[in-house]
Amino acid sequence: TDKTALTLIGLGPMGQAMVTRFLAAGHPTTVWNRTPARADGLVAQGATRAATAAEAVAANRLIILSLTDYAAMYDVLDGADLAGRVVVNLSSDTPDTTLKAAAWLAERGAELLVGGVMVPAPLVGEESAYVFYSGPREVFDRHAETLAVIGRPDYMGADHTLAQLLYQAQLDVFLTSLAAMLHAIALVTSAGVTAERYAPYLTDVLSSLSMYVDETSQHVDSDRHPGDLANVTMMGATAAHIVGASETAGLDTALPRAVQALYDRATEAGHGKDSWTALINVIRG
Ligand code: NDP
């Protein structure tokens with residue numbers, strides 16, 4: 001079967017990994033990047049180099065963007081003839097910026113599919129790769145097979161903001177956990193225990209987190225926090241102990257204090273005997 005020809009703009013590590021995959025899967029691929037040299041290796045692999053962004057947009061109906069943010073999209077697409085184009089924007093940004101982009105593209109006769117790539121560049125197109133999408137269902141269906149080349153396409157809904165929201169939710173867990181990991185390492189190394197000695201225990205606590213997902217989801221969706229196991233009072237006391245241990249070690253306490261503050265406010269709101277999942281009520285504000 002004929003493979004859909006496409007244009008990919010934005011050749012950072014992500015864009016380059018995607019072009020390599022599309023070429024390997026047999027999709028004729030036109031590329032453009034603000035810094036032209038970043039296209040050289042891809043041209044050697046068989047990609048077609050466009051001289052300008054407008055030329056890249058003119059080459060194909062399917063336009064994939066892999067840029068730093070949505071502001072870069074306006075810089076790149078301003079002046080291009082977008083009529084009849086499907087723009088798949090795989091750049092990170094806030095959900096509201098995706099709504100503005102959808103309107104801006106619609107004014108120019110183009111449709112937007114918002115995407116959020118959930119793996120680092122080296123894993124693009126691998127078994128574990130998946131990408132959130134949102135936007136018109138029919139546009140997604142038309143291109144799902146092509147998009148599957150870079151990772152399993154997971155459609156979240158017609159509302160353009162959804163893919164971006166899910167992407168940021170995943171990075172919320174990721175960035176907060178990475179910072180917590182470093183904070184814990186700072187704590188143990190302050191007493192001379194090396195990060196390497198601590199590593200297996202760190203692995204243990206990180207992998208145990210996934211055990212809490214089902215119960216947490218059930219508590220939140222049912223709005224019931226039975227408090228039979230770990231309640232807010234007990235967990236809040238521990239949160240204070242982590243702050244104390246960090247202070248003694250002379251560490252920055254912003255992160256554990258933020259956690260402690262959630263428990264304090266949950267206690268003040270009368271959730272002391274509820275499960276720690278009742279924190280959702282103070283997080284929701
Ligand atoms: P880079 O920052 O390396 O690349 C960004 C691209 O955007 C470059 O091609 C750059 O061009 C271009 N760009 C930025 N600003 C402008 C502008 N004003 N005008 C024209 N071009 C511009 O990012 P990555 O490739 O790492 O990531 C791309 C997107 O994918 C980001 O939104 C990122 O959050 C997301 N992502 C990245 C992951 C990763 O592992 N790297 C993982 C998951 C998502 P130039 O080369 O000229 O600077």
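Author: A residue counts as buried if 20 or more other C-beta atoms lie within 10 Å of its own. It is exposed if the number is 12 or fewer. Keep those two cut-offs at hand. The model discussed here is a predicted one.

Reader: What makes strand S4 covered on both faces?

Author: Look at its residues, 62-65. Leu62 and Ile64 are on one side. Ile63 and Leu65 are on the other. All four are buried. Buried requires 20 or more other C-beta atoms within 10 Å, so each of these residues reaches that number.

Reader: How do you know that S1 and S4 are paired?

Author: Count the bridges. A pair needs at least two. Strand S1 (residues 6-9) and S4 are joined by four, so they pair. The two run parallel. Thr7 stands opposite Ile63 of S4.

Reader: Which strand is joined to S4 by four bridges and spans residues 86-89?

Author: That is S5, and it also runs parallel to S4. Leu62 has Val86 in S5 as its bridge partner. S4, H4 and S5 together make a right-handed β-α-β unit.

Reader: What makes S2 and S3 a pair, and how many bridges join them?

Author: Two bridges join strand S2 (residues 29-32) to S3. Thr30 has Thr48 in S3 as its bridge partner.

Reader: In what order do the strands form the open sheet?

Author: The order is S3-S2-S1-S4-S5-S6-S7-S8, and the pairing is mixed. S3 (48-49) and S8 (152-157) stand at the edges because each has a single partner strand. One side of each is therefore left without a neighbour in the sheet.

Reader: Why is Glu247 called exposed?

Author: Glu247 has 12 C-beta neighbours inside 10 Å. The limit for exposed is 12 or fewer, so Glu247 qualifies. Glu247 lies in helix H10.

Reader: Is Asp223 buried or exposed, and how do you know?

Author: Asp223 has 10 other C-beta atoms within 10 Å. Asp223 sits in the loop between helix H9 (213-222) and helix H10 (232-248).

Reader: What is the phi of Asp223?

Author: The phi is positive, about 55 degrees, although Asp223 is not a glycine. Most residues other than glycine have a negative phi.

Reader: How many residues surround the ligand, and which are the closest?

Author: There are 22. Gly12, Met14, Arg34, Thr35 and Ser92 are the closest. The shell divides into ten nonpolar, nine polar and three charged residues. Helix H1 (13-24) and helix H4 (70-77) each supply at least two of its residues.

Reader: How many helices and strands does the protein chain have?

Author: Twelve helices and eight strands. Of its 285 residues, 33% are buried.

Conventions. Residues are numbered from 1 along each chain as its sequence is written. This is a predicted model: local features need pLDDT of at least 70, side-chain atom pairs count only at pLDDT 80 or more; totals for chains, interfaces and linings use all residues. A residue is near a molecule or strand if its C-beta atom, placed from the backbone, lies within 6 Å of it. Ala, Val, Leu, Ile, Met, Phe, Trp, Tyr, Cys and Pro count as nonpolar, Asp, Glu, Lys and Arg as charged, and the others, Gly among them, as polar. A crossover is right-handed if, with the strands pointing away from the viewer, the path from the first strand over the helix to the second runs clockwise.
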